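Morning, everyone. Please have a look at the model first.

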Amino acid sequence: MDLDAIRYNVDQLTRLAARTGAQTMAVIKADAYGHGALAVGNAALAAGASWLGVASVDEALALRGAGIQSRVFCWLHTVDDNFGPAVAAGIHLSVASLRQLWAVNSAARAVGVEAKVHLKIDTGLTRSGCQPAEWSALVEAAATAQAEGSLEVAGVWSHLACADEPGHPSVDRQAARLDDAYKVAANAGLNPIRHIANSAATLTRPDLHFDLVRPGIAVYGLNPVPGSATLRPAMSFRSTVSLARRVPAGEAVSYGHTWTTESETTLALVPVGYADGIPRTLSGRMEVWLGGRRRPVVGRVCMDQIVVDCGDDPITDGDEVLLFGPGDRGEPTAREWADTIGTIDYEIVTGMYRPRVSRSYVGGRR
């Protein structure tokens with residue numbers, strides 16, 4: 001993981017946000033999309049982010065336990081979450097229903113600390129969030145709790161569904177619904193911040209920056225709107241050749257015998273497979289960077305290993321294999337893997353968070 005790339009990306013994003021007067025929250029949920037939450041969080045804060053965002057209370061408390069004292073926001077709760085430790089630690093909590101509001105309010109009273117809540121309005125993603133018909137009741141209850149001193153309504157927020165499709169009409173509809181919801185909160189005497197911009201909106205919709213932007217995938221150098229900014233991918237996936245050997249013509253390779261050598265060739269065995277994050281659907285469709293050039297992976301991707309056809313080139317045990325990287329040398333990228341199998345690069349990089357895949361960091365602060 002290249003922490004200098006993380007810092008570069010966050011610097012670019014915070015500069016964009018600063019032009020509109022917005023602060024920046026670096027989203028580091030799912031262990032920073034597989035990159036390592038603590039290392040990425042510290043690098044993002046050093047580069048100018050003033051908030052960190054995670055999904056769960058446990059993720060938020062882990063950051064506090066590791067010494068991170070910045071503002072931390074979390075938004076995905078289960079019905080049995082204990083909000084007391086999060087309130088005591090100053091974690092900002094999303095609230096999308098009266099049930100969640102009362103749970104957070106009760107926790108705040110129990111620990112004797114004012115809770116910081118962000119009321120979430122469903123503006124059209126139709127996932128989490130308060131339905132517009134129930135919004136006034138939620139705002140009224142939150143305003144009462146704030147007047148009683150048990151919580152502060154620190155934010156009103158929502159999440160965009162199609163911001164990575166510039167010009168999609170849903171984006172403006174969602175922005176208008178957020179504006180309507182914010183007016184209800186303001187009319188109730190509340191003065192929260194507003195936020196809705198994800199990576200794509202941070203890059204392409206400065207009018208939606210409001211008070212805070214929440215870039216996620218862009219922090220890691222993967223651009224949801226290609227061409228909108230120059231970002232640096234932070235993750236590279238490496239292994240080494242465990243066994244290189246000459247194989248005669250006519251030998252079938254790996255399960256199912258889907259590929260057969262046409263002539264004598266050198267095959268390199270690489271000890272990574274679908275248990276380590278390589279999608280099995282890349283079988284027969286991927287290349288790696290080995291010995292100074294791209295080479296095809298032949299046969300099926302196995303649980304623990306792949307086989308690379310190296311022709312007559314001198315490949316030896318221990319040679320480095322770059323499965324994907326930033327693409328600077330012509331090596332495959334996470335985006336290439338995603339495009340090949342019809343998914344998104346988010347899934348590729350988060351899929352690298354596996355027990356057998358060790359992480360190391362270069363650049364920046366570790």
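**Aromatic rings**

Start with phenylalanine 73: at 0% relative accessibility it counts as buried. Buried means under 20% relative accessible area, exposed means over 50%, and partly exposed is in between, with a 1.4 Å probe and protein chains only.

Some ground rules. This is a predicted model, so local features need pLDDT of at least 70, side-chain atom pairs count only at pLDDT 80 or more, and totals for chains, interfaces and linings use all residues. Residues are numbered from 1 along each chain as its sequence is written, and side-chain values use heavy atoms, leaving out hydrogens and water.

Now pairs. Rings of Phe, Tyr and Trp (its six-membered ring) pair if their centres lie within 6.5 Å; planes under 30 degrees apart are stacked, over 60 edge-to-face, the rest tilted. That rule gives eight aromatic pairs. In one of them, the centres of phenylalanine 73 and tryptophan 75 are 5.6 Å apart with planes at 45°, so this pair is tilted. Tryptophan 75 is buried too, at 19%.

Next, phenylalanine 237 and tryptophan 337. Their centres are 6.5 Å apart and their planes at 80°, so the pair is edge-to-face. Both are buried: phenylalanine 237 at 5%, tryptophan 337 at 2%.

Ring pairs also link Tyr33, Tyr220 and Tyr346 into a cluster.

Last, charges over rings. That needs NZ of Lys or CZ of Arg within 6 Å of the ring centre and within 35 degrees of the ring normal. The charged end of arginine 194 sits over tyrosine 182, 4.4 Å from the ring centre. For arginine 232 over the ring of tyrosine 8, the distance is 3.8 Å.
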